[in-house]
Amino acid sequence: MLIEPRDPLIVRDGRPFTNSPGARAKSLPFPLPQTLAGAYRTRRALLEGLPLPERAEEVLRWGLRGPLLAEEGEGGWRLLAPRPLDALKLGEALYPLRPLELPQGAGTNLPEGLSPVGLPSPALKEKPAPLPAFWYWESFLEWLLQDAPAGFAPRGHEGPVPETRTHVALDPAAQTAREGFLFQTSGLEFVRGRRRLALVLWPEGPEPEGVFPLGGERRLAFWQKGGPGVPPLPEEVVAGLLRHRAARLVFLTPAFLGEAYLPKGRAFQGASVVAAVVGRPVAVSGWNLKEGKPKPSRRAVPAGSVYFVRFPEAWGEGEVRDWAGKVWFQNLSEEEQDRRDGFGLAALGLWDGKLRRWEEA
């Protein structure tokens, strides 16, 4: 389903916002999964006549996948994915970051058994150039299908456009601004040039339609059925997993893992983590509807993070195919409620399973 904000969307980061003079409410660059999960559950509960918070425990069991970004195109809505963090642009060339074999006598402060990730050539020392924050699905899929693409140039853009508004309250009697009632809000305009943007969700249940508030200040959004479906698992990916007995796992939404940025047991569904490219942690809080109080702040692995994994030697074709089905576009966070909330949506790409040597060009 699609949710298209009518007004600039404000999804705040949890910092206090009061009516003190000069206060600013700044939106996150993209909504967190739990924000959309809460909006969906509230909307559906109202339509089904379920009182909240009395039925909160039941409502919290409604799961979903997403959100991802979509753009209106001539043939319908196009899916976009967050930039994978194993892509590095230097000058005009794009390089894949891959696990490296440490030179003799070298060491790192990584947990024991994890390999560093980087570029094997010491000559590549240019300042990284920016890449689009969101890639069209065709470009993203091309990156997943090539372990070391040559001449690859991703197509995409920066997503929703930030928009700042200055607000003031008037004194009806004096027809002047009221003292101390000046503040700013910074939201996200879901448009790119002449193209409309929207949020994509895949709920495990009915897809409500109509107009409903979303985010801060009860700004409105259009809810509608349809939009991009869940992309099928490419057979080329499965063939590559069977050939290399290794994979890249890319998170499309932030994820909560059992050991900070690593999964419990350092494995995803039995596939061992060899290395990881992880961005800055995302601080996540929110409101506990059931208990009526703020949730404790936690740190999530950001969207775009990449994990390099290898399969157990004992696995045959059946086990590899089964693993791919359990991972592709599934929520992989450790806790069940986090999975229901949409945290940890994953995609799969190819990796040959080898550690690069530092001297390679």
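Modeller: Gladly! A search of the whole structure finds 16 salt bridges. Please keep in mind that this is a predicted model.

Colleague: Why is the pair Arg248 and Asp86 called a salt bridge?

Modeller: The cut-off is 4 Å between a side-chain nitrogen of Lys or Arg and a carboxyl oxygen of Asp or Glu. For Arg248 and Asp86 the N to O distance is 2.9 Å, so the pair counts as a salt bridge. The two partners come from distant parts of the chain, 162 residues apart: Arg248 is in strand S18 (residues 246–251), and Asp86 is in the loop between strand S4 (76–82) and strand S5 (87–90).

Colleague: Are Arg248 and Asp86 buried or exposed, and how do you know?

Modeller: Buried means under 20% relative accessible area. Arg248 has 0% and therefore counts as buried. Asp86 also has 0%, so Asp86 is buried too.

Colleague: What makes Glu291 and Lys293 a salt bridge, and which labels do the two residues get?

Modeller: Their closest N and O atoms are 3.3 Å apart, within the 4 Å limit, so the pair qualifies. Glu291, at 52%, is over the 50% mark and therefore exposed. Lys293, at 42%, falls between the 20% and 50% cut-offs, so the label is partly exposed.

Colleague: And what about Asp352 and Arg356?

Modeller: Their side chains meet at 3.0 Å, N to O, in another salt bridge. Arg356 has 14% relative accessibility, which is under 20%, so Arg356 counts as buried. There is also a network of salt bridges that links Glu4, Glu72 and Arg196.

Colleague: Let us turn to the domains. How is the chain divided?

Modeller: Domain 1 covers 2–78 + 157–224, and domain 2 covers 232–357. Their centres, taken over C-alpha atoms, are 27 Å apart.

Colleague: How do you know that domain 1 and domain 2 are in contact?

Modeller: Contact requires heavy atoms within 4.5 Å, and 19 residues of domain 1 meet this criterion with 21 residues of domain 2. About 1,500 Å² is buried between the two domains, with carbon and sulfur atoms giving 62% of that area.

Colleague: What holds charge against charge between domain 1 and domain 2?

Modeller: One salt bridge is counted there. Arg41 and Asp341 form a salt bridge, with 2.8 Å between the closest N and O atoms. On the domain 1 side, helix H1 (33–47), helix H2 (56–59) and strand S3 (64–73) each give two or more residues to the face that touches domain 2. S3 gives the largest share, five residues. By residue type, that side has 12 nonpolar, three polar and four charged residues.

Colleague: Why is Asn331 called buried, and what does its side chain reach?

Modeller: Its relative accessibility is 12%, which is under 20%, so the label is buried. Asn331 sits in the loop between helix H5 (317–327) and helix H6 (336–340). A polar atom of its side chain lies 3.0 Å from the backbone oxygen of Leu64, and the side chain reaches the backbone oxygen of Arg339 at 2.7 Å.

Colleague: Last one: what makes Gly316 partly exposed?

Modeller: Its relative accessible area is 26%, between the 20% and 50% cut-offs, so Gly316 is partly exposed. Gly316 lies in the loop between strand S25 (306–310) and H5.

Definitions and conventions:
Residues numbered from 1 in each chain as written. Predicted model: local features only at pLDDT ≥ 70, side-chain atom pairs only at ≥ 80, totals over all residues. Heavy atoms only, no water. Domains from an automatic or database assignment. Buried area = accessible area lost by both parts, 1.4 Å probe. Helix = DSSP H or I, 4+ residues; strand = E, 2+ residues; numbered from the N terminus. Nonpolar A, V, L, I, M, F, W, Y, C, P; charged D, E, K, R; others polar. Buried < 20%, exposed > 50% of the residue type's maximum accessible area, 1.4 Å probe, protein only. Polar contact = N/O pair within 3.5 Å; in protein donor to acceptor, adjacent residues only side chain to side chain.
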